Amino acid sequence: MGNTDSKLKFRKAVIQLTTKTQPVEATDDAFWDQFWADTATTVQDTFALVPAAEIRAVREESPSNLATLCYKAVEKLVQAAESGCPSEREKQVVLNCTRILTPGVSDGWILMDDDDEGARPLAESLLLAIADLLFCPDFTVQSHRRGGPESVEDMQSLDSCEYIWEAGVGFAQSPPLNYIHDLNRTELLRLLLTCFSEAMYLPPSPDGNILNPWVTFFCSTENRHALPLFTSLINVVCAYDPVGYGIPYNHLLFSDYREQLVEQAVQILIVTLEHEGNQPHRAPSPSSMDEQDSAGPDNLFVNYLSRIHREEDYDFVLKGLARLLTNPLTQTYLPNSTKKIQFHQELLVLFWKLCDFNKKFLFFVLKSSDVLDVLVPILYYLNDARADQSRVGLMHIGVFILLLLSGERNFGVRLNKPFSLHVPMDIPVFTGTHADLLIVVFHKIITSGHQRLQPLYDCLLTIVVNVSPYLKSLSMVAANKLLHLLEAFSTNWFLFSAAQNHHLVFFLLEAFNNIIQYQFDGNCNLVYAIIRKRSVFHQLANLPTDPASIQKALQRKKKSPDAISRTNSLETVSMEGSRPAVPAEPGTLKASLVAIPGIDKLTEKSQVSEDGTMVAVAQTETQRSPEHSGLAGASDTESNSGRDTEVLSWKSKLPLQTIMRLLQVLVPQVEKICIDKGLTDESEILKFLQHGTLVGLLPVPHPILIRKYQANAGTAMWFRTYMWGVVYLRNVDPPIWYDTDVRLFEIQRM
C-alpha cells in the first residue's frame, strides 16, 4: 500500500510541475521535496510517471521550473556526496534524485556548458557527485570504519583505491558480495551512461573523432576516483561468472543483481574509452598502473587501459572475457538450465578496444592458443547471426576483430591447433583445425547469409589471405569450400556485373598461391581439390574480354540474380545441438549503421621479410583494392564501352602462374597413376600427393603480403554509431532514450 501512496504522491508532484505556469522558487522546499523526500519509486516507475511528452511541454512552457528541478536534484546528490549519506532516508533521497535525473539528462535538461560564469557547471557537479557516491561506504562499498555504527567516514579524505569493487587488475582483495551495493551502483552507472549519451544527439560526422565533453571531463584529473572506478569496472566485468556454482536453473530461482551491474559497467567502459582526436596511440608506459604518469592520453580511462602490463592482469582480463563470450555456447543436457548472458556485443567492443589501445595485450592474446577461446565464440556469433538483418552490426564487429588479429603472424600459426570442441553450429561436421572451422563458417556466411553482408566479403577473404601462408594442413571439407567460393566468384556474369567483383577472385588465388608456395607439404587435400576443379582455373585463364561475350554474360545475370551460387552440398549432418540460422522476428528493433570504408581504407599492406619482420608497402595500381566493398550490379542499360578494356586490364594480372604450373606438373602424373593402377580411390591419390614435391618446379616464391587493419575516421564513426546503437537497444527497461531526438542513428523495425 505504501508504495502505491508513494507513486500517487510522486505523480501528483509531476502534475503540479507540468501545470504551473509561474516559476516556483528554488527556496520552496515543501514543493521540491515532494519529488524525492517521501517517495520510494523505482526507476521504471519514474519513467512511467514522467512521460517524455510532459517533460517537453514543461521545457517549452516553463523552462525555469525544469531547470530548478534539475538544480535541486543535483544539489541533493552533491550534499549526499559530501555527507556520505549516513541515514537510510538520505540514501533513499539519493536514489530518488538519481531516478528523476536519468530521464531528465537523456532528454537534454542539463548542458555541459552553463552560463553562470565563475560557478562550476551543473553537469560537472553532477558527474563529480556520481563519482563520489560510487565509493560511498555503506551505500555502494563496504565500510572500513573502526568506530561504532554512529561514526561516519569522511568522504573528502577517503582513499577510494582501498574500496575497489572487485579483485583483479591491480587489486587483490575481493570484497563480500552485497546485492544492495550492486543495485545502488547500477542506478548510479545508469545515470552516468545517460550523461554520456550526448553523442546520440549529434548526427554522424565524416570526422569520427569528435570528443564527448561529458566523457572528457569525467575521465580527466578533475575526477579523483578515475583510477579506482576504471579498475572497479574492468574487474567487475572480467571476474563475473554467470554460471556461479553450476546449479541447474539457479538463475530462475534467484535474481542476479551482479549481472545488471556488469552490463552497466561494460557499457560505461566502451563509451568512455574513446580516441582523442587524430592523435596516434602512444606506446604503453612500462611504469606500474598504480603510479600517476603524465605521459599518455588525457582520457585517464584510456591511459590506464594502455598501461596495464602485468602478465597476470592480461591473463585475468582475457580469461574473464573468454568465459563470458563462451557462455551462450554452453550446452547442457537440461534445456535452459544454464544462465545465458545477453551483452556479448558490448564484450566484443571492449575486447576490440583492449587490443586497439594496448598492443602488449594484443601480443599476449596471440602468444598462446588462448586466442582460440575468443575466436570460437566469435565464429559462433557470426554463424548464428548470418541470416538476421537486425544483427548486421554484430557481424561487422566480429569480422573486424578477426581482421585485426589476422594481421599478426601468430594468429595464423595458432589456427593450426586441432578443433575438438562440441559447439552447436549448423555447419558440416569435420575433423580438422581451427583454420578449417574459420573457413567453413566464412563459406556459410557468404553462401547463406543475407544480402547486406556483401560489403564484408572483402574483409572475410582478406582474413583468409592473411592467415594462408601459415596453414599447415587444410581438411578436405575446408579445401572444397574454398574451391566452391572460387567457382562461384569466377562465373562470367558475376565477374562482369560489378567493377570490383574480380577482387574476390584475386584474394582466393593469392590464398591458394601462399599455401602452395609456403605450406605445400601438408596440404594434399587442397592440391587434390585444385586438380579436381582445374577447369575453373582454365576458364579464368581463357576468360573472354570482348564486348559481345561480356553482354551475353550480363544477360544471363537477369535470369539468376543471386550473387553466389548457393548449393546445398552433400554435407547435411550439422554439429550436434545446432539450430539453423534464422531471420529476425517481425517487429525486432535495429539501429541503422553508417557504411564501412572499402578494404583499401580499412587495411595497409605489409610485406613479411625473411627474418619475419613486416615492412609497409606502398599501394600500386596492381595491388589496389576496390574503392567500395558493395557488390552493386551494373544496370541493364549501362554502356559496355570501356568495360572490356577494364576486364582485359585485370585479367592480365590474374596470379595464375603458380597454380597453372602445379596443374601442368601434377595432372599428368595423377592421370598416369590412375590408369596404371586402375585407381578410383581418393585416398591413394592423396597418398601420392602427400609424398610428392614441387621443389624447383614452381615459380620463385613471392613475398608474403599481409593486409593489416588500420584505424581511420570512417571506422571510428562506424564504431561510435554501432556502440551507441547497442547501448540504446539494450536499455529498454526502462526505455531511457525512447521518444527522444536521437540523431546518430535511426531505430528501425524489422
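Helices α1 (2-19) and α6 (88-106) each contribute at least two residues to the lining of the largest cavity. The model is predicted: local features need pLDDT of at least 70 and side-chain atom pairs count only at pLDDT 80 or more, while totals for chains, interfaces and linings use all residues. Residues are numbered from 1 along each chain as its sequence is written, and side-chain values use heavy atoms, with hydrogens and water left out.

**Cavities**
- A cavity is a set of points, on a 1 Å grid over the protein atoms alone, where a 1.4 Å probe fits but cannot get out; lining residues have an atom within 4 Å of a point.
- Four cavities of 30 Å³ or more are counted, and the largest has a volume of about 60 Å³, the space filled by probe spheres set on points joined across faces, edges and corners.
- Ten residues line the largest cavity, and Val 14, Phe 35, Val 50, Ile 55 and Leu 69 are the closest to its centre.
- Helix α1 gives the most to this lining, with three residues.

**His 443**
- His 443 belongs to helix α20 (residues 434-448), helices being DSSP runs of H or I with at least four residues and strands runs of E with at least two, numbered from the N terminus.
- His 443 counts as buried because its relative accessibility is 6%; buried means under 20% relative accessible area, exposed over 50% and partly exposed in between (1.4 Å probe, protein chains only).

**Gly 692**
- Gly 692 lies in the loop between α31 (682-691) and β6 (704-709).
- Gly 692 counts as partly exposed, at 22% relative accessibility.

Definitions and conventions. On a 1 Å grid over the protein atoms alone, a cavity is a set of points where a 1.4 Å probe fits but cannot get out, and a pocket is an open set with protein on both sides within 12 Å along at least five of seven lines; lining residues have an atom within 4 Å of a point.
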